[in-house]
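Here are my notes on the model you sent. Please read them with the structure open.

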Amino acid sequence: MKFWKWLDTKFEETLMAVGMWAIVIVMGIQVIMRYVFASSLAWSEEISRYIFIWFTFFGISYAIRNNSHIRIDILQTTFPKLEKPMEIIGDIFFFAFCVYMIGPSITTLKGLWKTWQTSPAMEIPMFFVYISLLFGFILSILRLLQKYYMLIFKKRDIAKELAEENKEKVEALDTIEEDN
């Protein structure tokens, strides 16, 4: 049960944190190599770029889970009663986009599998970089389905709980700053 809770609440966050630390460490080593040893690593920027690509696609599903995608909300601000319907319409369009993008992702992966194209510096198969597209879109679809399953069956709303938890933390930090 503990694993499912972690998978539900911390999966993307953990992978993104590991990816970010990997980028920081690799680029830190690159800086040290360049300025201390007057030599550079040929592969550091490439691996950082590929980790960032994975980071981005996990970030999409993370934002869905937390209901924190950047949106144009002029209609919702002007007409507060339209907030929920506009969110649902936006989610339907995004869901359709993710479903549509699975096809081109698979087509791209098939082509890369046949040619086994490799990256210039590290010579890793580009298939492993581009599979992030498929993982990202599938994970986004699953998070959207989870969001509406929770909404329809009146289960707990994780995004709302996290927002309230963050609000409490911000308020606590504000009171600490006021005391100082």
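1. Glu13 is partly exposed, because its relative accessibility is 32% (buried means under 20%, exposed over 50%, partly exposed in between, with a 1.4 Å probe and protein chains only). Lys10 is also partly exposed, at 36%. The two form a salt bridge, with the closest N and O atoms 4.0 Å apart (a side-chain nitrogen of Lys or Arg within 4 Å of a carboxyl oxygen of Asp or Glu).

2. A caveat on the source: this is a predicted model, where local features need pLDDT of at least 70, side-chain atom pairs count only at pLDDT 80 or more, and totals for chains, interfaces and linings use all residues. Residues are numbered from 1 along each chain as its sequence is written, and side-chain values use heavy atoms, without hydrogens and water.

3. Arg65 and Glu12 also pair in a salt bridge, at 3.8 Å from N to O. Arg65 sits in helix H3 and Glu12 in helix H2, 53 residues apart (helices are DSSP runs of H or I, at least four residues, numbered from the N terminus). Arg65 is buried at 5%, and Glu12 is buried at 0%.

4. Lys147 and Asp91 form a salt bridge at 2.6 Å, N to O. This pair joins helix H6 to helix H5, across 56 residues. Asp91 is buried, at 8% relative accessibility. The salt bridges number eight by this rule.

5. Trp21 lies in helix H2, residues 11–36. Its relative accessible area is 59%, so Trp21 counts as exposed.

Conventions: Helix = DSSP H or I, 4+ residues; strand = E, 2+ residues; numbered from the N terminus.
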